Amino acid sequence: MGGVWPSGRKRGEMGGVWPEGQKRVEGVAGGRGLGGAGEMEPKLGFHELLHVFSFLEARDLLCAAQVDKVWNEVSGTKELWRQLCLRRWSSCKTSQMTLGTQTWKEYYLCRSELEFRMECGRPEKDFICKAIAGHTGEIDELAYISTKECRFDGQEKSMVCTVSSDSTVRAWDVQEGTEIWSSPLQPAALVNVVTFPRLQLAITVDERGLIKVWGAENGWEQASFRLPTFSSALQACDHPEGPFLLVACAEGFLYALTVPQLQLRSRTRVFPSSPTSLLCSPDCQWVFASTQNSDLGPKVFHTRSLLCLVEDEPPVSTTLPIWLTSRACWAPDETARLMVTHRNDNGMQLVITTYELRTKQSREGVDVVVQQMASFLLPNSMIPPHLMKGHGSQVILLVSGSELALFTIHGVQLAAFQDHQRPITSMWVDQSRVITASFDLSLRVYVWNKETKPPVLKSCYHLLGGSHRWAR
């Protein structure tokens, strides 16, 4: 998508209008006061110009590049455009910005153009639609094999893995709409899949509790592990001390397995004879375990203790002082900020409580310290949410039926959207956009306005009926 540019623009030009009252750099440059080709002396040297240019935005640098040879050279300096990239996409790690053969300037312009296309959503020009077919049964889960990096050097590829009731796992090239590989028929229907994009691995589990590791590039089976009962949850954790897999099974145990060997590291009883849900923190240092609508309080484990379990000592964990938990999410821009939806003390109203977690060394070992940051009641008129996601460090997105609502962690409602005709089935949230899918066979695309604090979400357009049809 990065190779095509909007009508009427040349490659390298930025969209948008100039803010009222703001002077363009080329206007200032008319007098050559900063070292141009005019008669004013003394001229600024390369490093002095570089310092001045470090305060400019991208569009100003593009204008400055047209003044003369010196300004062109300085305005294209690698560090200027690298800092612009890191400022604009601050929540992105440097490792997720893959240059390939590109410069930082080219990366900035290509990614800005991609975001412009996402906001416009013009059919045929900005989005493509591919139908992928091959499974003979219902697809139960899908997971990306592609890394989260953004790259625009012609090497980008979107790959996903799917599992189905037809007892196969398959890999697909999403952009081409083609199947890459399919596994042999498995002994039972596959019900879940998670991936390790950095390792190019996919891990599946079937309805009988058989876990398998697959090479994402070729579909070769690499290892297997059998649970005593079926699995209620899988979590892929790419931990700094080594990747591992967390598995909750129906009998209430939490398993920690090495990846890719699937060797057992620990087995911990969490909720006796209750299906357990798992949710890893963004840095994989914590895992939240809960069982829905139970009198048992949810637990938070420090994952390192699950990997290095000392004999006769339980893993480092704590039980949160709440009950009847329904949904939870982590704040993506914080290392250990957890938001949980639960019932209040009398069980009549829904509450969202935000916690900060940390560990503290004591004489007895390591303790978990839990600090409540905020708590608020959801409106009585609101249907209990069935989807919950975090954005940044302060914003919570909730889906109730066909409505999408945004709150701060302190309970201020930022927005509410009812763009779908039927209930929303899934939601994607990242630093640039939010996408919802619905039983009405449509996708709705929203874009964040990051210039406000907290950020405002703008409803942009529908992609209807799984086709290119488009509506404002």
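This tour moves through the structure stop by stop, naming what to select and what is found there.

**Before selecting anything**

The model is predicted, and for that reason local features are taken only where pLDDT is at least 70 and side-chain atom pairs only at pLDDT 80 or more, whereas totals for chains, interfaces and linings use all residues. Residues are numbered from 1 along each chain as its sequence is written, and side-chain values rest on heavy atoms, with hydrogens and water left out.

**The whole chain**

Colour the chain by secondary structure to see seven helices and 29 strands; these are DSSP runs, H or I of at least four residues for helices and E of at least two for strands, numbered from the N terminus. Of the 472 residues, 48% count as buried, where buried means under 20% relative accessible area, exposed over 50%, and partly exposed in between, with a 1.4 Å probe and protein chains only. The accessible surface comes to about 23700 Å², and 50% of it belongs to carbon and sulfur atoms; the areas come from the Shrake-Rupley method with a 1.4 Å probe, and for residues only the protein chains shown count as cover. Among contacts between residues at least 6 apart in sequence, 43% join residues at least 24 apart, a contact being heavy atoms within 4.5 Å.

**Helices α5 and α6**

Select residues 78-88 for helix α5 and 104-120 for helix α6. The two helices pack at an angle of about 30°, with their axes 8 Å apart; axes are lines fitted to C-alpha atoms, for helices over the stretch in contact, and angles run from 0 to 180 degrees between N-to-C directions. The helices α5 and α6 are therefore roughly parallel to each other, a label for angles under 35 degrees, while angles over 145 are roughly antiparallel, 65 to 115 roughly perpendicular and the rest oblique.

Glutamate 115 is buried at 15% relative accessibility, whereas arginine 88 is partly exposed at 30%.

**The sheet β1 to β4**

Next, select the open sheet of four strands in the order β1-β2-β3-β4, which has antiparallel pairing; two strands pair if DSSP finds at least two bridges between them. The edge strands are β1 (139-144) and β4 (178-182), each of which pairs on one side only. Neighbouring strands of this sheet are turned by 30° against each other on average, direction ignored. Strand β3 (residues 169-173) runs antiparallel to β4, and four bridges join them; within this pairing, arginine 170 stands opposite serine 182.

**The sheet β5 to β8**

Move on to another four strands, which form an open, antiparallel sheet in the order β5-β6-β7-β8. At its edges stand β5 (190-196) and β8 (221-226), each with a single partner strand, so one side of each is left without a neighbour in the sheet. The twist averages 20° from one strand to the next. Zoom in on β7 (residues 210-215), which pairs with β8 over five bridges; leucine 210 stands opposite arginine 226, and isoleucine 211 has phenylalanine 225 as its bridge partner. The β7-β8 hairpin has five residues between its strands, and glycine 219 takes a positive phi near 80°.

Lysine 212 is buried, with a relative accessible area of 11%, while glutamate 221 is partly exposed at 43%.

**Last stop: aspartate 419 and arginine 444**

Finally, select aspartate 419 and arginine 444, whose side chains form a salt bridge (3.5 Å, N to O). Aspartate 419 lies in the loop between β24 (413-417) and β25 (424-429) and arginine 444 in strand β27 (residues 442-449), so the pair ties together parts that are 25 residues apart in sequence. Arginine 444 is buried at 7% relative accessibility, and aspartate 419 is partly exposed at 21%. Salt bridges that share partners also join Asp166, Arg170 and Glu179 into one network, and a search of the whole structure finds 13 salt bridges.

Key:
A salt bridge is a side-chain nitrogen of Lys or Arg within 4 Å of a carboxyl oxygen of Asp or Glu.
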